[in-house]
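The structure comes first, then the details.

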Amino acid sequence: MKHITLLVGSTLGAAEDLAEYLAEILQENSYHTVIHTSPQVDHILIKPNHTLLLICSTHGAGDLPENIQPFYQQLLDQAPNLTGLNYLAVGLGDSSYDDFCQAIQTLDRQFKSLGANRVEDQLKIDVSLPDPPEMIAKKWLDHWLTKH
């Protein structure tokens, strides 16, 4: 069975709700999923053969949500070698702000700098649009799943 670890950065719960929804889709497609809402670097180093799914909303002026800030700081401080680690990245934000989806871009940049490999285009979901984030993310995830 393939494993996907979901790391969630959420302030008001939208990213967490989206993670639970995407985890269900992944489970229906024979993936074992684990969701971490207080992620730690150990969560990404513990399993050698898994894919990460980062789901993060943007808070304030392009900031990471409080629950994922310690994880980001660990990435900066420990600088683990993430070569060989595959990941997906989904951001939630409001396009009326200049820093639209800045938090996922910050995480994505750090993952790349540590050697991780993003295996699909980054998804930026505009929560101000009428389509629910789940519908947008499902289409994106279905596209990725057809290749795996």
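Asp108 is buried, at a relative accessible area of 5% (buried is under 20%, exposed over 50%, partly exposed in between; 1.4 Å probe, protein chains only). The model is predicted: local features need pLDDT of at least 70 and side-chain atom pairs pLDDT 80 or more, while totals for chains, interfaces and linings use all residues. Residues are numbered from 1 along each chain as its sequence is written, and side-chain values use heavy atoms, without hydrogens and water.

Arg118 forms a salt bridge with Asp108, with 3.0 Å between the closest N and O atoms (a side-chain nitrogen of Lys or Arg within 4 Å of a carboxyl oxygen of Asp or Glu). Asp108 also meets Lys112 in a salt bridge, at 3.8 Å from N to O. Asp108 and Lys112 lie four residues apart in helix α4, so about one helical turn separates them (helices are DSSP runs of H or I, at least four residues; strands are runs of E, at least two; both numbered from the N terminus). Lys112 is partly exposed at 45%, as is Arg118 at 23%.

## Leu54 in strand β3

Leu54 lies in strand β3 and is buried, with 0% relative accessibility. Beyond four places away in sequence, Leu54 touches residues including Tyr87, Ile104 and Phe111 (contact means heavy atoms within 4.5 Å). Thr5 is 49 residues from Leu54 in sequence, yet their C-alpha atoms are 8.4 Å apart.
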